[in-house]
Amino acid sequence: MIATTATRVQAVDWRSPRSWPEAVIAEWRHSMRFRATVITLVATALTILVTCVIMGLVIRNDLFEARKDEALHNSRAAVAQAQRVLESGVAGDDRATLSSLWRQAQNELGRAASSKLIVGVVSEAFGEGYIPPGFNSQQFSPAQLSGELITRVKDVPARQAWQSIALAHSDAPDSAGIVVGQILEIRGVARYEVYIAYDLADTDETLQFVQRTLWLAGLALVTLIAGILWLVLRSVSVPIIEAAETSARLASGDLGVRLRVHGADELASLGHSFNAMADSIEAQIKELAELSLVQQRFVSDVSHELRTPLTTIRLAAEMINDQKDQFDPTTARTAELLHTQVQRFETLLSDLLEISRYDAGSVQLEVEATSLAQLAEELVEQMRPLAETHGIELRMVAPGGYSPVDMDPRRVRRVLRNLIGNAIEHGEGQPVVVTVDSNQHAVAVGVRDFGMGMRPEDAEHVFDRFWRADPSRKRTIGGTGLGLSIALGDARLHGGTLQVWSELGVGSNFVLTIPRASGEATGQGPIPLEPPETLADLGSVTQPIVVRRPDPEGGDRS
């Protein structure tokens, strides 16, 4: 079964602003819909912002140009009308007539101009007679005129000159305006500079209205695009999310789960393909499960059926082996090999039968309170003669592990026998150290050898069935290749772990950890997986273990 873990964004307390950045980052990493929405909204907002700015500038320039052209045209027409009034009358040297004609020209100028902000200044006098004075409105005076504008009007009397100006108001903020200046002449008397100011406050209001409309339309467009994008992405991402969740459930072992298919579009085609794949996988897994069950039954039945004839063969081989001294050397060697291989065959059948029980899930523990240190001590003593035949010193270090713990002693003894046997076989004549220790959560035993060791890629497969790091290496103890796989199953059956550390040219260290209570997390194990570098760091060999048991009559007994 394949275990699949799905990463999900944790719920965020939006009432705490401090958690918002982390929530946004997590949402950005785990939500394609959120990323697409944010990217699209940012791009859309920037586009609309640039468009609104450009349109605002263009509209402002167009409004200003139109208003300027209107002011120039209106000023030219008003001054021309006043000039015709002055040229139609005969002023002469009569002061009253000249004043009356000048007033008529002023009235015509005020009537023809669409502004009341008019200033008239004497620019040049032609005679020594009476010269009518200049004039100005209450809200506009010659002091507001710039020297640059006055100079242009004087230097080029035949043309209009204009300039932007800030018009002051007594009851309102200053507003933008345009001042247009040109020459008005009373022939033979004087020449006047006439300046007409046009208030652009209405144009500013129009521009502000247009800009507000643009920004509101831009915000509304961004909001509308966000809503449409969210709905479109939801219609696409929801089926994808459902497909991801369904595939995770399928990978976790729920073979009956399927996608709901709606319509006949591309997503529906994806759903049909996914469901067809799930049907195929379910059928193949069921077929493999049936084949595995048949294989398990076959191995179990064959192993069981072979035990009876094998027992007969083993008895016959033992009888022949007992009389090998009476045979010639070749026949004696043959009898010895027959006896050895029959024993190995019997061990292999037992391991195959045990493996079949694990595969069928029919293995049960027979637990009893057992001291792991005492069990290891007994097994070390049993394995010591074998170690001596290989020229290996077998040591035991037990700083803990004396208090009894519920375990299946037969299975734990089998695990230790396998680990110690492998250490002796691969120890290369170096000492083998068995360490037992405990803490408040678990008891553990480690088997350390100083042989050739294994490469990291080999250590990953050390618990695989029938796997050997060096296939060319001959087994000297007669292992079957199933011992470590069975040992791992025994460790897991106790709720514990069996781990390996190995380094090429340094040696290997196997650590079996068993929790004190069933289902309790072991946490930090009492024996580190990576062992000390030297033998001196391991401590001294333990003395024979004496376990004190309570005496029913009071006191203790050994």
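**View 1. Overview of the protein chain.** The model is predicted; local features need pLDDT of at least 70, side-chain atom pairs count only at pLDDT 80 or more, and totals for chains, interfaces and linings use all residues. Residues are numbered from 1 along each chain as its sequence is written, and side-chain values use heavy atoms, with hydrogens and water left out. The protein chain holds 11 helices and 14 strands (DSSP runs numbered from the N terminus: helices are H or I with at least four residues, strands E with at least two). Of its 558 residues, 35% count as buried (under 20% relative accessible area; exposed is over 50% and partly exposed lies in between, with a 1.4 Å probe and protein chains only). The chain exposes about 33,100 Å², of which carbon and sulfur atoms supply 56% (Shrake-Rupley method, 1.4 Å probe; for residues, only the protein chains shown count as cover). Among contacts between residues at least 6 apart in sequence, 66% join residues at least 24 apart (contact: heavy atoms within 4.5 Å).

View 2. Five strands are arranged in the order β2-β1-β5-β4-β3, with antiparallel pairing (two strands pair if DSSP finds at least two bridges between them). At the edges, β2 (135-136) and β3 (161-167) each pair on one side only. Strand β1 (residues 117-125) is joined to strand β5 (residues 190-199) in the antiparallel sense over 8 bridges, and Glu124 stands opposite Arg191 in β5. Helix α2 (residues 32-88) packs on this sheet and touches β3, β4 (175-186) and β5; the direction of α2 makes about 25° with that of β4 (axes are lines fitted to C-alpha atoms, for helices over the stretch in contact, and angles run from 0 to 180 degrees between N-to-C directions).

**View 3. Strand β9 and its two neighbours.** With 6 of its 7 residues buried, β9 is largely enclosed by the rest of the structure. On one pairing, β7 and β9 run parallel over 4 bridges, where Met396 stands opposite Val434 in β9. A hairpin is formed by β9 and β10, with 3 residues between them.

View 4. The order of the 5 strands is β7-β9-β10-β12-β11, and the pairing is mixed. Each of the edge strands, β7 (394-397) and β11 (497-503), pairs on one side only. Neighbouring strands are turned by 15° against each other on average, direction ignored. Strands β10 (residues 442-449) and β12 (residues 507-515) run antiparallel and share 8 bridges; Val511 in β12 is the bridge partner of Gly446. Helix α8 (residues 372-389) lies across β7, β9 (432-438) and β10, at about 170° to β7. Helix α9 (residues 409-425) touches β7, β9, β10, β11 and β12, and its direction makes about 20° with that of β10.

**View 5. A nonpolar surface patch.** Met32, Leu221, Leu224, Ile228, Val232, Val236 and Ile240 make a patch of about 590 Å² (patch residues have over 30% relative accessible area and no salt bridge; like charges are joined within 9 Å, and nonpolar side chains, Val, Leu, Ile, Met, Phe, Trp and Tyr, within 5 Å). A salt bridge is a side-chain nitrogen of Lys or Arg within 4 Å of a carboxyl oxygen of Asp or Glu. Helix α5 (residues 201-251) gives the most to the patch, with 6 residues. Val232 lies in helix α5 and counts as partly exposed because its relative accessibility is 45%.
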